Amino acid sequence: MYRDYKAEEERMAQKPYFTKYKLNEEEMNILNSQFHVETTPDWWENWNEEDRPDYSYYTIEATEDTKVVVAVMNYWMFEYRDIYDRGGWEKAEEYGITEDNRLTTEWVMEHPREAVEIMTSMVNEGDIFRYLEDIYKVYDKIATENGAE
């Protein structure tokens with residue numbers, strides 16, 4: 001009985017990991033709240049403690065909002081080039097993301113941990129991306145500048 005108790009105690013002490021990429025809770029929070037990915041099962045529901053620490057069955061999928069976030073990130077890192085986002089474009093360059101080889105939604109979904117690192121290297125750890133209303137304003141400005149309606 002003591003051995004079962006110790007095994008359960010050790011299992012519950014392990015940090016959970018998610019998706020086939022074995023992302024930690026913080027990485028999943030950023031993907032959900034700042035990249036606005038869709039998570040299956042729903043990220044905000046209670047996790048099944050019986051599965052702890054292995055939640056690798058979770059999946060992430062890009063949304064239209066994810067595409068907008070990526071477009072705004074590219075704009076801020078490579079066109080607007082604000083000094084406050086220098087950490088973001090420098091981190092992106094470490095992964096081969098440049099003005100000529102821009103961040104894509106597909107890349108974010110295939111390299112979620114690295115995408116989170118880029119996001120959190122931007123000003124205020126990319127916190128502005130939580131607020132989609134503000135991000136869509138920038139996106140609309142980009143579209144207007146590029147002649148789109």
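Tyr58 is buried, with a relative accessible area of 3%, where buried means under 20%, exposed over 50% and partly exposed in between, using a 1.4 Å probe and protein chains only. Trp43 is buried too, at 4%.

A word on the source: this is a predicted model, in which local features need pLDDT of at least 70 and side-chain atom pairs count only at pLDDT 80 or more, while totals for chains, interfaces and linings use all residues. Residues are numbered from 1 along each chain as its sequence is written, and side-chain values use heavy atoms, leaving out hydrogens and water.

Rings of Phe, Tyr and Trp (its six-membered ring) pair if their centres lie within 6.5 Å; planes under 30 degrees apart count as stacked, over 60 as edge-to-face and the rest as tilted. By this rule the count comes to 14 aromatic pairs. Two of them are set out here:

| Pair | Centre to centre | Angle between planes | Arrangement |
|---|---|---|---|
| Trp43 and Tyr58 | 6.2 Å | 85° | edge-to-face |
| Trp76 and Phe129 | 5.5 Å | 65° | edge-to-face |

Trp76 belongs to helix H3 (residues 64-80), and Phe129 to the loop between helix H6 (112-121) and helix H7 (132-145), so this pair links distant parts of the chain, 53 residues apart; helices are DSSP runs (H or I, at least four residues), numbered from the N terminus. Both Trp76 and Phe129 are buried.

Trp43 and Tyr58 also belong to one aromatic cluster with Phe18, Trp47, Tyr55 and Tyr57.

Technical notes:
Helices (H or I, at least four residues) and strands (E, at least two) are DSSP runs, numbered from the N terminus.
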